[in-house]
Amino acid sequence: MNRPLYPLAAGNFAVGTGMFVTAGLLAPISGDLNVSTAAAGQLMTVFALAYAVLSPVLAAVTARLPRKKLLLIALGVFVLGNALTALAPTYPLLMATRVLAAAGAAMFTPTASGVANALARPEHRGRALALVLGGLSVSSAIGVPLGTWLGTASGWRTTIWLVTGLGVLGFAGVAALVPDVRTAVSGRLAERFAPLADRRVLAVLTTQLLMFGAGFTAYTYIGSLIDLPLPAVLWAWGIGAIVGSHLGGRLTDAYGPRRMVLIGLAASTVFLALIPVANLALPVGLLWALLWGALGWLIAPAQQYRIVSVLPGNVPVGLGLLSSAQYAGLVVAGVAGGLALDGWGRAGVIALATAIGAVSVLFTLATYRPAAERESVPQTVG
């Protein structure tokens, strides 16, 4: 089962590096284009907004395409968008190219998760989704710190060329190893949004939005919140993300998604509030980043499993909506975090991130009942 999943993880590695590395490049981008740090942060916001809006639309438009062909088209668009980003001479053009890159990502990541779900046996579904999603967490551990260091040493455009190359490698892997999986996908846009009438679906999506809104309010502007060497902090966070994503899939298969979601949300919120403590010394900061990354990514496989359980007959649509909710959370994080940074400095960003995290815990406790947990636990545990 795992062999065709690795190229999907590699594609997500390219997508994740392209998305998340922006947080480590705010200073060189703002200096090169003569814009503020908050304005540079909106590059991540426009990527996330484009992703959230385009994901369901493009899923409907491409519904009749074979999944492998769609994966290749998606990575091709992502590569083109990043190549144009590396060449863009002005801030407005840079914004436009991020929309194109986001369109490729919006087609790739939900499709990759849908293919992984189709290839996996039910008792291993959590682990399969975690493996493919692991490309995003590994990008945080390797791609983002490397890209941040490279952007500081050689310019942010060099980092974007690196992302372009990673996309090309992902394309080659998918072309060589991923089978042409067929899944039932509706081509009607109205049907893409029909699950929103289900309160259980809305509860999963709202948790996803709040979870990413909290975490990325801090992560997007981490360079303004931490006085320690940024590549080292991002590296520790990424290592934690790999651990959390891997354990999250196994623990979800073993104990069910509800426990993983609630533990991860509560613990992540505590670590957001502890950002001032992280600044005390480098060892403290690295341990904090490691644990924050692990606890945050512990939730992701559980949330994917949760939406699959709620919409077992409409998995591609459910995963697409989950991705849209995730990136809607990043939009909230980019805009609200930028306003907080400009208005109240780092204390405002930390307080806002912690408050959104607390709301996510309270909302999930109120809407995710133990009955839903029993429905979601697999009958056979691997």
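Helices (H or I, at least four residues) and strands (E, at least two) are DSSP runs, and they are numbered from the N terminus. S154 is partly exposed, with a relative accessible area of 45%, where buried means under 20% relative accessible area, exposed means over 50%, and partly exposed is in between, all with a 1.4 Å probe and protein chains only. If you go from S154 to A141, you cover 13 residues in sequence and 20 Å in space, C-alpha to C-alpha.

Before I go on, please keep in mind that this is a predicted model, in which local features need pLDDT of at least 70 and side-chain atom pairs count only at pLDDT 80 or more, while totals for chains, interfaces and linings use all residues. Residues are numbered from 1 along each chain as its sequence is written, and side-chain values use heavy atoms, with hydrogens and water left out.

Let me turn to how helices pack, starting with helix 1 and helix 5. Helix 1 covers residues 5-20 and helix 5 covers residues 91-119, and their axes come within 10 Å and cross at roughly 150 degrees; the axes are lines fitted to C-alpha atoms, for helices over the stretch in contact, and the angles run from 0 to 180 degrees between N-to-C directions. That angle makes helix 1 roughly antiparallel to helix 5, because angles under 35 degrees count as roughly parallel, over 145 as roughly antiparallel, 65 to 115 as roughly perpendicular and the rest as oblique. The crossing of helix 1 and helix 5 is left-handed, a word used if the near helix is turned anticlockwise from the far one by less than a right angle, with right-handed used if clockwise.

Which residues in helix 1 meet helix 5? They are L5, L8, G11, N12, V15 and G18, and on the side of helix 5 they meet R98, A105, F108, T109, A112, V115, A116 and L119, where contact means heavy atoms within 4.5 Å. By class, this contact of helix 1 with helix 5 has nine nonpolar, four polar and one charged residues; here Ala, Val, Leu, Ile, Met, Phe, Trp, Tyr, Cys and Pro count as nonpolar, Asp, Glu, Lys and Arg as charged, and the others, Gly among them, as polar.

A second pair is helix 9, residues 199-220, with helix 12, residues 257-273, and these two pack at an angle of about 25 degrees with their axes 11 Å apart. That makes helix 9 roughly parallel to helix 12, and the crossing of helix 9 and helix 12 is left-handed. In helix 9, the residues T207, M211, A214, G215 and A218 meet V261, L265 and L272 in helix 12. The residues of this contact divide into six nonpolar, two polar and no charged.

Now to the charged side chains. Side chains of opposite charge can pair when their charged atoms come close. How many salt bridges are there? The count comes to three, taking a salt bridge as a side-chain nitrogen of Lys or Arg within 4 Å of a carboxyl oxygen of Asp or Glu.

One of them joins R157 to D32, with the closest N and O atoms 3.5 Å apart. Since R157 lies in helix 7 (residues 156-177) and D32 in helix 2 (residues 26-33), the pair ties together parts that are 125 residues apart in sequence. R157 counts as partly exposed at 23% relative accessibility, and D32 counts as partly exposed at 43%.

Another joins D227 to R346, with the closest N and O atoms 2.7 Å apart. This pair links distant parts of the chain, with D227 in the loop between helix 10 (222-225) and helix 11 (230-255) and R346 in helix 15 (residues 315-367), 119 residues apart. D227 is exposed, with a relative accessible area of 56%, whereas R346 counts as partly exposed at 32%.

There is also a salt bridge between R200 and D198, with the closest N and O atoms 2.9 Å apart.

I will end with the backbone of one loop residue. Most residues other than glycine have a negative phi. N34 has a positive phi of about 60 degrees although it is not a glycine. N34 lies in the loop between helix 2 and helix 3 (37-61), and at 71% relative accessibility N34 counts as exposed.
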